[in-house]
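Take a look at the structure below. Follow the chain slowly, and keep the residue numbers at hand.

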Amino acid sequence: MYAIVDIAGQQFKVEAGSKIYCNRLAAKKDEKVEFTKVLLIDNEGAVKVGAPYVEGAVVKATVLADDAKADKVLVFKKIRRKGYQKLNGHRQKLTQIQIDEIV
């Protein structure tokens, strides 16, 4: 059984027991969170598609880490023949959650 869920503006394919990284959530570590914006549920071939969301469907999850960081993204700027070079780095803050169940 899996579901397509809208979490913090992004869509994820989740199953019970899976761990995902999503954009920063307001929840703290070890808190339980529920997502009601379920777009699709597949239960052993029986597919329910929402318009826009599946009514009564809830995905329950637990926050594992609220301060995780993504890989560093390097931004390099250069103007050739002018001696201009600039290197900036950025690490996006993420929240790691574990999907407990799909109801």
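The paragraphs below go from the strands to the salt bridges and then to single residues.

This is a predicted model, in which local features need pLDDT of at least 70, side-chain atom pairs count only at pLDDT 80 or more, and totals for chains, interfaces and linings use all residues. Residues are numbered from 1 along each chain as its sequence is written, and side-chain values use heavy atoms, with hydrogens and water left out.

Start with the sheet. Strands here are DSSP runs (E, at least two residues), numbered from the N terminus. Two strands pair if DSSP finds at least two bridges between them. Strands of a sheet pair through backbone hydrogen bonds, either parallel or antiparallel. Four strands make an open sheet in the order β3-β10-β7-β4, and their pairing is antiparallel. Which strands stand at the edges? They are β3 (19–23) and β4 (32–35). Each has a single partner strand, so one side of each is left without a neighbour in the sheet. On average, neighbouring strands of this sheet are turned by 45 degrees against each other, direction ignored. The axes behind such angles are lines fitted to C-alpha atoms, and angles run from 0 to 180 degrees between N-to-C directions.

Now zoom in on one pair. β3 is joined to β10 (residues 93–102) by five bridges, and the two run antiparallel. K19 has Q98 in β10 as its bridge partner.

Next come the hairpins. Four bridges link β5 (residues 38–43) with β6 (residues 46–49), again antiparallel. Here L40 stands opposite V49 in β6. Two residues lie between these strands, and E44 in the turn has a positive phi of about 55 degrees. The hairpin of β8 and β9 has four residues between its strands, with R81 at a positive phi near 65 degrees. Seven bridges join β8 to β9 (residues 84–90), which run antiparallel. V73 has H90 in β9 as its bridge partner.

How many salt bridges does the structure hold? It holds two. A salt bridge is a side-chain nitrogen of Lys or Arg within 4 Å of a carboxyl oxygen of Asp or Glu. In one, K32 meets D100 (3.8 Å, N to O). K32 lies in β4 and D100 in β10, so the pair ties together parts that are 68 residues apart in sequence. In the other, E101 meets K60 (3.9 Å, N to O). E101 lies in β10 and K60 in β7 (residues 59–69), so this pair ties together parts that are 41 residues apart in sequence.

Are the residues of these pairs buried or exposed? Buried means under 20% relative accessible area, exposed over 50%, and partly exposed in between (1.4 Å probe, protein chains only). K32 counts as exposed at 63%. D100 is partly exposed at 34%. E101 is partly exposed at 38%, and K60 is partly exposed at 29%.

Compare two other residues. Q96 is found in β10 and counts as buried, at 18% relative accessibility. Leaving aside neighbours within four places in sequence, Q96 is in contact (heavy atoms within 4.5 Å) with residues including K19, Y21 and T62. E31 lies in the loop between β3 and β4 and is partly exposed, at 35%.
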